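Subject: Structure for your review

Dear colleague,

Please find below the structure that I am handing over to you. The findings follow directly after it.

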Amino acid sequence: MSWLLPVQATPTKMSQRFVPVIDARVRPVAMPQAGQVLPAQGQLSDRLQRPLRDLRVSLTDRCNFRCTYCMPKEVFDREYRFMPHSDLLSFEEITRLARVFVAHGVEKIRLTGGEPLLRKDLPSLVRMLAELTTPDGRSIDLALTTNASLLRRHAAALAEAGLKRVTASLDALDDDVFRRMNDVGFPVAAVLDGIDAAVQAGLPVKINMVVQRGVNEHQILPMARFCAERGHILRMIEYMDVGTTNGWRLDEVVPAAEMVAIINREIPLTPLEPNYSGEVARRWRYRDGAGEIGVVASVTQAFCRDCTRARLSIEGRLFLCLFASQGFDLRSLLRGGATDEQLSTAIAGIWGARADRYSELRGQSGREGPAKIEMSYIGG
Ligand code: SAM
Ligand code: SF4
Ligand code: SF4
């Protein structure tokens, strides 16, 4: 596609402290010309015949936690330079882009971060996005991933604004383990209270638990019991090698099969079919009818062939993979006066050229490329 410009070559030299999460990680996108404009038809397909169905929108790179596997304190400290507010996409810009993505087939939008509840007046954005409809007139599935620390304060307003559901991250029920993992001493009781607030506001809640060997695998059973009692779906996630700052090691990954076995020994499980093609979690139900769990096995059982996700960064770059090092600069188009048709054409060209499948190729020699983006920047 002629409007996809070549990769910008050289990353800037970084000190140890400044992690190359953003700069030099941008791919410019040329403004499509009048003759190139293609209308959205709701069915894009990439080079591996994968449709575009999900959009994850990162709203901030800031967070009030310092989870050791995501934002290690030694790097994300007082001197760390977070993105200035003027660089962030405005709610209007996000909504305009989201509308174009929905016209291209996106059915599900997930708001994430950093901690998305740190973004001021989030219900206004939710209200704007909740009005979007798919080309055949359905409302979109609008979800939020949060650490739930501020959910008590915001849940009712978010539900009222049109949020459909919440995924709350909770890695342990044991207060000591939880405080150690968030590394700011945040008490688990306040997160549980945030989750209760979401339930009281009528929002279905799923729980994300990242499992790290030697850190919280002993919390799997208590978490499973807690979620079954409360009616939450527990999704256990393999610790991933996202970014460059968390010092990830393969021996810290608890394989999803092991997580399932730990639960199955005490509470027998039966596998479930996926809800839809492209579903990331493998699902299991409790044989006694107490609910279901899911595992996200991105390290041990890669699912790239079904990956229908695009990711929009805080400052409007489109990333085609969680492990990408570069994103396509849609903000320049937005702020450079692009029409909706031009935005739509650019997105179609970018998705059409996509061939990313990092997890399937993980571990192959010669794959050490430029630094990958951080989880707290792109939002998982
Ligand atoms: N702050 C919010 C939260 O924690 O839910 C949203 C952003 S956070 C980056 C999104 C999800 O990514 C969380 O569920 C978090 O546990 C998960 N995550 C972060 N780093 C991870 C890693 N290295 N491997 C697996 N999951 C990770
Ligand atoms: Fe913050 Fe979420 Fe990362 Fe934890 S996982 S540091 S809560 S962005
Ligand atoms: Fe999708 Fe990239 Fe994850 Fe594969 S590695 S499933 S392409 S985000």
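In which loop is the place of D183? D183 lies in the loop between α4 (175-182) and α5. Please note that this is a predicted model. Although D183 is not a glycine, its phi is positive, at about 60 degrees. D183 is classed as partly exposed because 17 other C-beta atoms lie within 10 Å.

A positive phi, near 60 degrees, is also found in D121, a residue other than glycine. D121 belongs to the loop between β3 (108-112) and α2. With 10 other C-beta atoms within 10 Å, D121 is exposed.

Helix α3 comprises residues 151-161, and its residues L151, H154, A155, L158 and A159 are buried. These residues are on the same side of α3, because they cover an arc of only 135 degrees around the axis. The elements against which the buried residues of α3 pack are α2 (122-130), β4 (141-146) and α5 (188-200). Just after α3 comes G162, with a positive phi of about 120 degrees.

L333 is located in helix α8, which spans residues 330-335. L333 is buried, since 24 other C-beta atoms lie within 10 Å. Apart from its neighbours within four places in sequence, L333 is in contact with V29, M31, A338, Q342, L343 and A346. L333 and D288 are 45 residues apart along the chain, and a distance of 54 Å separates their C-alpha atoms.

The ligands may be taken in turn.

Ligand 1 has 21 residues around it, of which C70, S169, N208, M240 and G380 come nearest. At least two residues of this shell are supplied by each of β4, β6 (205-211) and α11 (375-378). Its residues are divided by class into nine nonpolar, 11 polar and one charged.

Ligand 2 is surrounded by 13 residues, the closest being C63, F65, C67, C70 and N147. The shell around ligand 2 contains six nonpolar, five polar and two charged residues.

Around ligand 3 are S298, F303, C304, C307, R309, C321, L322, F323, D356, R357, Y358 and S359. Of the residues in the shell around ligand 3, seven are nonpolar, two polar and three charged.

Yours sincerely

Terms used:
Residues numbered from 1 in each chain as written. Chains lettered and ligands numbered in written order. Predicted model: local features only at pLDDT ≥ 70, side-chain atom pairs only at ≥ 80, totals over all residues. Buried ≥ 20, exposed ≤ 12 C-beta atoms within 10 Å, placed from the backbone. Helix = DSSP H or I, 4+ residues; strand = E, 2+ residues; numbered from the N terminus. Arc of directions from axis to C-beta. Contact = placed C-beta atoms within 7 Å. Near = placed C-beta within 6 Å. Nonpolar A, V, L, I, M, F, W, Y, C, P; charged D, E, K, R; others polar.
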